[in-house]
Amino acid sequence: MNHVMKDFAFTTVAEIIVEWAGAARLGAILQPRFSARRVLLVTDAGLVKAGILPPVLHSLQDAGFQVTVYDRVQPDPHERLVREALQVAHDSHCDMVIGLGGGSSLDVAKLVAVLINSEQDLPELYGIGKVIGQRLPLVNIPTTAGTGSEVTNISILTTHDDSKMGIVSPQLYGDLVLLDAQLTLGLPPVHTAAAGIDAMVHAIEAYTGKHKKNPLSDALAREALRLISRHLVTACRDGNNREARENVLLGAMLAGQAFANSPVAAVHALAYPLGARHHIPHGLSNALMLIPVLQFNVSAAAPLYGELAAIIGAKVTGDVANDAQSFIAAMVKIVAATGAPNRLRDVDVPEKDLPLLAHDAMQQTRLLDNNPVTLTEGDALRLYQQAF
Ligand SMILES: NC(=O)c1ccc[n+]([C@@H]2O[C@H](COP(=O)([O-])OP(=O)(O)OC[C@H]3O[C@@H](n4cnc5c(N)ncnc54)[C@H](O)[C@@H]3O)[C@@H](O)[C@H]2O)c1
Ligand SMILES: [Fe+2]
C-alpha cells in the first residue's frame with residue numbers, strides 16, 4: 001500500500017497569547033506591537049452586563065489608546081449589524097479593531113476590519129476567497145469557548161432572507177489572539193455546554209472532512225477533543241473551575257485551527273437553518289443535530305470515529321464497527337452530561353417546519369461538500385425527524 005503524504009497547506013493567525021487575566025493587561029500587550037491608537041472595540045450588551053469591559057478599557061486607555069465601543073452585536077449577527085458597526089468605525093476614524101466576545105462579536109469585528117477601507121459591498125464577500133485588499137490591524141479575544149472564530153478565516157452572518165452565509169478569506173485571520181480564560185468564568189452553564197459541543201463538532205468534522213483533512217488539522221482535532229471531553233462537564237457544573245475553563249478554551253481554539261484548514265460539514269449544514277429560522281444558539285443547534293449525523297456518516301467515517309474513540313475515553317476493542325459505535329455512545333453521554341437539550345421539540349421547533357429546514361440545509365453546499373457521505377434533501381429531512 002502507498003503511504004506517501006498528500007500535499008497540504010496550513011494557515012493560522014500569527015500570534016497567540018494564552019494568559020490568565022491577560023485582558024486586564026491588554027493595553028500593555030498591544031502597545032509595543034501596533035502603531036495604531038484609535039481602537040473600535042466590538043462586543044455585545046451581555047458582556048457589558050457581565051462587567052467584562054471596564055478592566056479592558058482602563059488598560060487600553062492607560063496605554064494611550066482611544067477606544068470607541070460598539071456593543072450592539074447580537075447572536076447569529078445580521079448583516080445590518082455589520083453595516084451599523086462599520087458606520088461607527090467610520091465616524092470614530094478608528095485605525096484598529098478589537099473583537100471581544102463570543103463568535104458573534106468576533107465575526108462582526110473581523111468584517112469591520114476588512115470592510116472599512118474596502119470598496120466592496122458586504123454581499124460580494126460571501127463564499128471563498130472573495131475579499132480583496134488589506135484590513136485594519138485586528139485583535140480577537142474570545143469570551144465563549146466554542147466557535148474558535150479567533151483563529152479562523154471565517155465570519156458567519158444572517159442574511160436578509162434568513163439564511164446563514166459564510167465569508168471565508170485569509171484577511172479574516174487576525175494579527176493577535178488573546179486567550180484569557182478568566183473572561184469565561186461568568187459564561188452561564190447552558191452557553192458553556194453549547195459552545196463546548198460546537199467546538200467538539202468542529203474537531204470531529206475537521207477530522208472526518210472529505211477533502212482537506214491533513215496531519216496538522218488531525219493532530220489539532222485530536223488534542224481539542226481530548227481536552228474538551230475531559231473538562232467540559234466540569235466547566236458546565238462548576239463555572240469557576242479555572243483548570244476546566246482554561247482547557248476548554250484552549251481546546252476550542254485548537255478545534256478552530258483544525259476546521260479553518262479542514263472545514264466543517266453536515267452537522268453545521270443542518271444546524272445553520274435552526275439558527276437562522278428559529279434563533280436556536282449555534283452551539284445548541286449543533287448539539288441537537290450531532291448524534292443523528294454521526295450515525296448517518298458511520299458508513300464512511302467508522303474507521304475515523306474508531307480512531308477518536310479512545311481519545312474521548314470510550315472503550316475500544318480494535319473492531320472498527322464496534323469502536324465507532326463506542327465513540328458515538330460516548331458523545332451521547334458527554335452531550336447529556338453537559339445538560340444541553342437533546343430534541344428539537346424541546347426547543348420549540350414545530351414538526352411542520354422540518355421540510356423547510358431540510359430545504360434550507362441543502363443550500364449549504366460549501367459545507368455539505370465536505371461531508372464523508374453524500375446527503376440528499378430526503379436524508380436531511382430524515383435527520384431532522386430523528387432529532388425531533
Ligand atoms: N467564524 C467562525 O469561524 C465561526 C465558527 C463557529 C460559529 N460561528 C458563529 O458564532 C456565533 C456563535 O457564537 P457563540 O456561540 O460564541 O455565542 P455568541 O457570541 O452569540 O454569544 C452568546 C451569548 O453569550 C453571552 N456571553 C458571551 N461570553 C460571555 C461571558 N464570558 N460571560 C457571560 N456571557 C457571555 C453573550 O453576551 C451572548 O448573549 C454564531 O453566529 C455562529 O454562526 C463562527
Ligand atoms: Fe460551529
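Strands E7 and E8 (residues 164-168) run antiparallel to each other and pair over five bridges; strands here are DSSP runs of at least two residues (E), helices are runs of at least four (H or I), and both are numbered from the N terminus. Two strands pair if DSSP finds at least two bridges between them. In this pairing, Ile154 sits opposite Val168 in E8.

Buried means under 20% relative accessible area, exposed over 50%, and partly exposed in between, using a 1.4 Å probe and protein chains only. On that scale 13 of the 13 residues of H5 are buried, so the rest of the structure largely encloses this helix.

## About the model

This model is predicted, so to speak of local features takes a pLDDT of at least 70 and side-chain atom pairs count only at 80 or more, while totals for chains, interfaces and linings use all residues. Residues are numbered from 1 along each chain as its sequence is written, chains are lettered from A and ligands numbered from 1 in the order written, and side-chain values use heavy atoms, leaving out hydrogens and water.

## The iron site

Asp198 (OD), His202 (NE2), His268 (NE2) and His282 (NE2) coordinate the iron ion (ligand 2) at 2.1 to 2.2 Å. Donors are N, O and S atoms within 2.8 Å of the metal (3.2 Å for Na, K and Ca), and since water is not among the atoms, sites may look incomplete. Along the chain, the spacing of the donors is D-x3-H-x65-H-x13-H. His202 belongs to helix H6 (residues 189-207) and His282 to helix H10 (residues 282-309), so this pair ties together parts 80 residues apart in sequence. His202 is buried at 2% relative accessible area, and His282 is buried at 19%.

## Over at Pro355

Pro355 is part of helix H12 (residues 354-361) and is partly exposed, with 44% relative accessibility. Setting aside neighbours within four places in sequence, Pro355 touches Glu377 and Leu381.

Terms used:
Contact means heavy atoms within 4.5 Å.
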